[in-house]
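Here are my notes on the model you sent. They are in numbered points, and each can be checked against the coordinates. I begin with a pair of charged residues.

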Amino acid sequence: QWILRDIPLGRNIQTVRMEKDMTQKEVIEEDTGNIEAGRRNIKASDLKALKILFDVDYEEFFKD
């Protein structure tokens, strides 16, 4: 089941990744690609790992 459908979480993750000049391959290609495309929901542990990897606040992922 999807949570927070009204927030473009995948697109926000993609935006942050691109701002950090990183490829999907550098950020666990398959999982991140599916999250960015909205085909896979994200686990809290994945979100925490991306926060650390991108060195951003969680708010970056939850912009409207």
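1. **Glu60 and Lys63.** This is a predicted model, so please read every value below as computed. Glu60 is partly exposed, at 25% relative accessible area. Glu60 makes a salt bridge with Lys63, and the closest N and O atoms are 3.1 Å apart. Lys63 is also partly exposed, with a relative accessibility of 42%.

2. **Arg40 and Asp46.** Here the closest N and O atoms of the salt bridge are 2.8 Å apart. Asp46 is partly exposed, its relative accessible area being 24%. Asp46 turns up again in the pocket point below, among the residues nearest the centre of the second largest pocket.

3. **Glu36 and Arg17.** The whole structure holds three salt bridges. One of them joins Glu36 to Arg17, with 2.7 Å between the closest N and O atoms. Glu36 belongs to helix H2 (residues 29-36) and Arg17 to helix H1, so the pair ties together parts 19 residues apart in sequence. Are these two residues buried or exposed? Both Glu36 and Arg17 are buried.

4. Why does Arg17 count as buried? Its relative accessibility is 7%, and the cut-off for buried is under 20%. Setting aside neighbours within four places in sequence, Arg17 is in contact with Met22, Thr23, Gln24, Val27, Glu36 and Phe54. One of these, Gln24, sits in the loop between H1 and H2. Gln24 is partly exposed, with a relative accessible area of 27%. The C-alpha atoms of Gln24 and Glu36 are separated by 9.6 Å, the two residues being 12 apart along the chain.

5. **Overall fold.** The chain has three helices and zero strands. In sequence order the pattern is α-α-α. Of its 64 residues, 33% count as buried. Take the contacts with a separation of 6 or more: 61% of them come from residues 24 or more positions apart.

6. **Helix H1.** Which residues of H1 (residues 9-19) are buried? They are Leu9, Gly10, Asn12, Ile13, Val16 and Arg17. Around the axis they cover an arc of only 165°, which puts them on the same side of H1. Met18 and Glu19 are exposed on the other side. Just after H1 comes Asp21, with a positive phi of about 55°.

7. **Helix H3.** Leu47, Leu50 and Phe54 are buried in H3. Seen down the helix axis, the buried residues of H3 fall within an arc of 60°, so they line one face. An α-helix has 3.6 residues a turn, so residues three or four places apart point the same way. The buried residues of H3 pack against H1. Ala44 and Ile52 are exposed, on the face of H3 turned away from the buried side. Asp55 follows H3 and has a positive phi, near 55°.

8. **Nonpolar core.** How many residues make up the largest nonpolar core? It has 12: Leu9, Ile13, Val16, Met22, Val27, Ile35, Ile42, Leu47, Leu50, Phe54, Val56 and Phe61. H1 and helix H3 (44-54) each supply at least two residues of this core. In soluble globular proteins, nonpolar side chains tend to be buried together.

9. **Phe54.** Leaving out neighbours within four places in sequence, Phe54 is in contact with Ile13, Val16, Arg17, Lys20, Met22, Val27 and Phe61. Arg17, one of these partners, also holds the salt bridge with Glu36.

10. **Second largest pocket.** The space in this pocket is about 170 Å³. Its lining has 11 residues, and Ile28, Thr32, Asp46, Ala49 and Leu50 lie nearest its centre. H2 and H3 are the elements that give two or more residues to the lining. Which element supplies the largest share of that lining? H3 does, with four residues.

How values were computed. Residues numbered from 1 in each chain as written. Predicted model: local features only at pLDDT ≥ 70, side-chain atom pairs only at ≥ 80, totals over all residues. Heavy atoms only, no water. Buried < 20%, exposed > 50% of the residue type's maximum accessible area, 1.4 Å probe, protein only. Arc of directions from axis to C-beta. Salt bridge = Lys/Arg side-chain N within 4 Å of Asp/Glu carboxyl O. Core = buried A, V, L, I, M, F, W, Y, C linked by side-chain atoms within 4.5 Å. Contact = heavy atoms within 4.5 Å. 1 Å grid on protein atoms, 1.4 Å probe; cavity = no way out; pocket = protein on both sides within 12 Å on 5 of 7 lines; lining within 4 Å. Points joined across faces, edges and corners; volume = space filled by probe spheres on them.
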